[in-house]
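Morning, everyone. Please have a look at the model on the screen, and then we will walk through it.

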There are 2 protein chains.
Amino acid sequence: MAVAYERIADELRAAIRAGELKPGDKLPAESKLAERFRRSVPTIREALRALRDEGLIEKQHGRGNFVRRPRTPALRSNLRHQWEKGRAREPLTERARTGATEHDTGLTVGDLVFHASYRTIEAHRDLAEAFGLPEGTTLLERTYRTRYAAESAPFSLVTSYLVHDLIARNPALLDEANEPWPGGSQSQLYSVGIELDRVEERVTARPPTPEEAAELELPPGTSVLALRKTSIDLDDRVVDVSDVVLPGDRTELLFTTPLERW
Amino acid sequence: MAVAYERIADELRAAIRAGELKPGDKLPAESKLAERFRRSVPTIREALRALRDEGLIEKQHGRGNFVRRPRTPALRSNLRHQWEKGRAREPLTERARTGATEHDTGLTVGDLVFHASYRTIEAHRDLAEAFGLPEGTTLLERTYRTRYAAESAPFSLVTSYLVHDLIARNPALLDEANEPWPGGSQSQLYSVGIELDRVEERVTARPPTPEEAAELELPPGTSVLALRKTSIDLDDRVVDVSDVVLPGDRTELLFTTPLERW
DNA sequence: GAGTGGTCTAGACCACTGT
DNA sequence: CAGTGGTCTAGACCACTCC
């Protein structure tokens, strides 16, 4: 114990928690801290790295080290699924007005930039299990990015899988040029006669891969929420599996569980 | 670009992803890697740190660097809330048989070790907002730890808040010596005439604080799930607010959203 | 150009693991 | 004891930001 960089990190952490250093404040230069604590610069940097890994500070090359501001999180509620289900059978003009993300965020369609790309793949083991189908089943893989028009980073990375044979009845569903499909996935499934019974979402947290960190513009010292959404129809078939990666520091998932009366 | 430690990390990462280095495998010693890549040891360590921060490898002092094995996650389903509600009014003997965690995990009561401590506090702003009550309202703060008998680290850190005046009618609720209360929180609330209408859970992900990392025995390069559970009764009152911290690498949250029929 | 953080070196010494 | 990772030094040079 009593390792130098830990003592330094403890002291700075205490100052931040006590509010002596407020969000947005600049820390003294690394060379100044080295003088103050009578340690070499690399040792100071070790302490600062620990604080960065906790999400407490942010390093800005050429500018300094700053106390990080907590992010205001975007909300994603599971009520969106019921809302989307109600939307799915509405006339096109109504559906086109706004989507589930707009419903969650209170934004309008013009605030968001949307991109999708499709390809067909064969189910590997993980996906085959999720669908309850044999390995090698043909799937349609759809990759989605949505971002605020004013920001460069998308707020989620979505990969959705559909069983090719289930949706091939409506060829429009196989063409990415038809995205964004007004009314969302449930409307697409409705066009081939599928109605959802329930949605299951599995949530875990982990550090981002370098690819995810780059695409979501995540600073070091942040986590992602990994969400696997499984949509199940009235016949208990899994009709859609979606993997969603969300930045942990700017996303809040809200799940409401209604309870039956006594 | 083309920074030395990034190239080295990329090469090792590719080897792990390709399966050339399998989970549990030992990497070459840092000094060997330094020779192989013709770089100094600190540079190698920088690359290894990046891989550790991604959760790909694990450092073991005096032994070596190892490819990390994926953890098998414990499941926590929101169906537990309805299950607990049904349980709350059962006779004591029935309630004592098993709790919600046992329901989720399939374990029996003897597999788990439980600890609780109580104290009264005054609501600060964050909590007052969550309850929709004035700041300074007296709350009962309950801190819970549950762990597998065979493991030393708890699998969750739970802090629950109840409005003191709402539950004071039953003095047994104010004494931590009565924990674990058979049937859980909903049974406790039932003893003062409260029935829940719904449960709301807000989920975010972030790196652990050093205190959380120590208590949950989290290795560096892991994230936690931070869950705030709000219990709302039939009169739309918030009757319980619980903050739950779960290790991201060994927890999976499952939320099922049933949908109304067309 | 001054100030600041980013990368890297070459090596010392300590602490832990296993034989 | 040998092997390995953990901490730390003192300094060089590069890259970015801002005046």
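A definition to start: two strands pair if DSSP finds at least two bridges between them. Helices (H or I, at least four residues) and strands (E, at least two) are DSSP runs, numbered from the N terminus. This is a predicted model: local features need pLDDT of at least 70, side-chain atom pairs count only at pLDDT 80 or more, and totals for chains, interfaces and linings use all residues. Residues are numbered from 1 along each chain as its sequence is written, while chains are lettered from A and ligands numbered from 1 in the order in which they are written.

Start with the strands of chain A. E5(A), residues 138–148, runs antiparallel to E6(A), residues 156–163, over eight bridges. A:Glu141 faces A:Tyr161 of E6(A) there. E6(A) also pairs with E9(A), residues 238–247, again antiparallel, over six bridges. Which residue of E9(A) is the bridge partner of A:Tyr161? That is A:Val241.

Last, the two copies. A rotation of 180 degrees, with 0.0 Å of shift along its axis, superposes chain A on chain B with RMSD 0.1 Å. That is the relation of a two-fold axis.

Key
Least-squares fit on C-alpha atoms with pLDDT ≥ 70 in both.
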